[in-house]
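Here's a walk through a structure, one piece at a time.

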Amino acid sequence: MLNNVVKGLSRSMTQKEMIHLVRRIIPEYDLHKRMGVSPQHAIPHGDGARQIVRDMREWNYFPDLVSLMAQAETKGVHGRKYHFPRLGHVIQLMGEEGLIYDRETGSFIEDSRRSISKNWGVLREGQTSTFTILKLDLVKNTEMVRQNDPDAVKRTFDNIREDVAEIINLRLGRIWSWEGDGAVCAFYYGSRNEQAVYAAMEILHRLFLFNHFSNRLDRPVQMRLAITAGPIEFSQDEGKIKMAETIKETARLEENHTDSDSLTITEGVYSHLPPEVLGGFKSWNLSGREQLYNYRLCWEGEQ
């Protein structure tokens, strides 16, 4: 697989073009320095391509390199399209290893049928990206536990967690943490704002049906959900992730400005939704701050 990428680069691009491509990933990349060669000396073309691929593999940027090559074939770079022999075979082999190329977004994502990880199999520690965050919280969980059979409560919560995980994963999201009553879920790929909202709406729909037709506890299971979007420095450390301002903002929105059995989203998230979804949300202004939008599922005629 690596040799196919080396050959593809060396046969289809000049060394200057290869370096330009890599610098879209690592702006300060210096091929001469990496090979210990003086800038005044030329680097054999094949050796340069081999060093680039080796570096990208070693630094965990190999999927980024292959995705840029795929984009250079379909969309081109600076108005020119390239053809890399055997690139399709490389993408196929990566798929067999658990990374699937999404042509719509031009990036790789792990195959959720084989593994599900918080970084989608590709994000690196310390990488800052824009995420859409969904925070959900079970309301009055303590009272429910105290006043119902412990086994029945455990089965109920286990089923809810399974449903939430299924919904989030199907929308290409990831559960970053689930402690006690609440969870933090992140969306990164594709139309992340839409996917987060659709996931939250589906969670409310399933909970609504569960409470009306399947709940064996002495009270309905209630949930609050909120969604915001913003930059976060990715980390596998849950403690570090929780300190991100975007996470804190979502938690404040859920805790302070969301009623039970409803979803609250920011204006920035709302602006990305299609017209057929917008009608389900009611808007209000929060003390002169940005406008917020709330979605609530209920029987016809209820408020």
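Helix 1 (residues 2-12) has these buried residues: Asn4, Val5, Val6, Gly8, Leu9, Ser10 and Ser12. Buried here means under 20% relative accessible area, with exposed over 50% and partly exposed in between (1.4 Å probe, protein chains only). Helices (H or I, at least four residues) and strands (E, at least two) are DSSP runs, numbered from the N terminus. The cover over those buried residues of helix 1 includes helix 2 (15-22), helix 4 (45-58), helix 5 and helix 6 (87-96).

Before going further, a word on what you're looking at. This is a predicted model, where local features need pLDDT of at least 70 and side-chain atom pairs count only at pLDDT 80 or more, while totals for chains, interfaces and linings use all residues. Residues are numbered from 1 along each chain as its sequence is written, and side-chain values use heavy atoms, with hydrogens and water left out.

Back to helix 1 and its packing. Two packed helices are described by the angle between their axes and the distance between the axes. The axes of helix 1 and helix 5 (residues 62-74) come within 12 Å and cross at roughly 45 degrees. That makes helix 1 oblique to helix 5. Axes are lines fitted to C-alpha atoms, for helices over the stretch in contact, and angles run from 0 to 180 degrees between N-to-C directions; under 35 degrees counts as roughly parallel, over 145 as roughly antiparallel, 65 to 115 as roughly perpendicular and the rest as oblique. Who makes the contact between the two? On the helix 1 side it's Leu2, Val5 and Leu9, and on the helix 5 side Phe62, Leu65, Val66 and Met69. Contact means heavy atoms within 4.5 Å. By class, the residues of this contact divide into seven nonpolar, no polar and no charged; Ala, Val, Leu, Ile, Met, Phe, Trp, Tyr, Cys and Pro count as nonpolar, Asp, Glu, Lys and Arg as charged, and the others, Gly among them, as polar.

Stay with helix 5 for a moment and find serine 67, which sits in that helix. At 7% relative accessibility, serine 67 counts as buried. Not counting residues up to four places away in sequence, serine 67 touches Tyr101, Gly106, Ser107 and Phe108.

Helix 4 has a residue to look at too: isoleucine 52. Is isoleucine 52 buried or exposed? Isoleucine 52 is buried, with a relative accessible area of 0%. Leaving aside neighbours within four places in sequence, isoleucine 52 is in contact with Leu9, Met18, Val22, Tyr29 and Leu31. For a sense of scale, the C-alpha atoms of isoleucine 52 and tyrosine 270 are separated by 42 Å, and the two are 218 residues apart along the chain.

Seven strands form an open sheet with mixed pairing, in the order 4-5-3-6-7-9-8. Strand 4 (173-179) and strand 8 (281-285) stand at the edges with a single partner strand each, so one side of each is left without a neighbour in the sheet. From one strand to the next, the twist averages 25 degrees. Two strands pair if DSSP finds at least two bridges between them.

Strand 4 and strand 5 (residues 182-187) pair in the antiparallel sense over six bridges, and tryptophan 178 has alanine 183 of strand 5 as its bridge partner. Strand 5 also pairs with strand 3 in the antiparallel sense, over six bridges; here lysine 135 is bridged to valine 184 in strand 5. Strand 3 and strand 6 pair in the antiparallel sense over twelve bridges, with serine 129 partnered by isoleucine 232 of strand 6. Strand 3 is mostly covered, with ten of its twelve residues buried.

What lies across these strands? Helix 8 (residues 150-170) lies across strand 3 (128-139), strand 4, strand 5 and strand 6 (222-233), at about 155 degrees to strand 4. Helix 11 (residues 245-257) runs at about 160 degrees to strand 6, and the strands it lies across include strand 7 (262-266) and strand 9 (291-296).

Two loop residues deserve a look. Most residues other than glycine have a negative phi. Leucine 172, in the loop between helix 8 and strand 4, has a positive phi of about 65 degrees. Aspartate 261, in the loop between helix 11 and strand 7, has a positive phi near 60 degrees.
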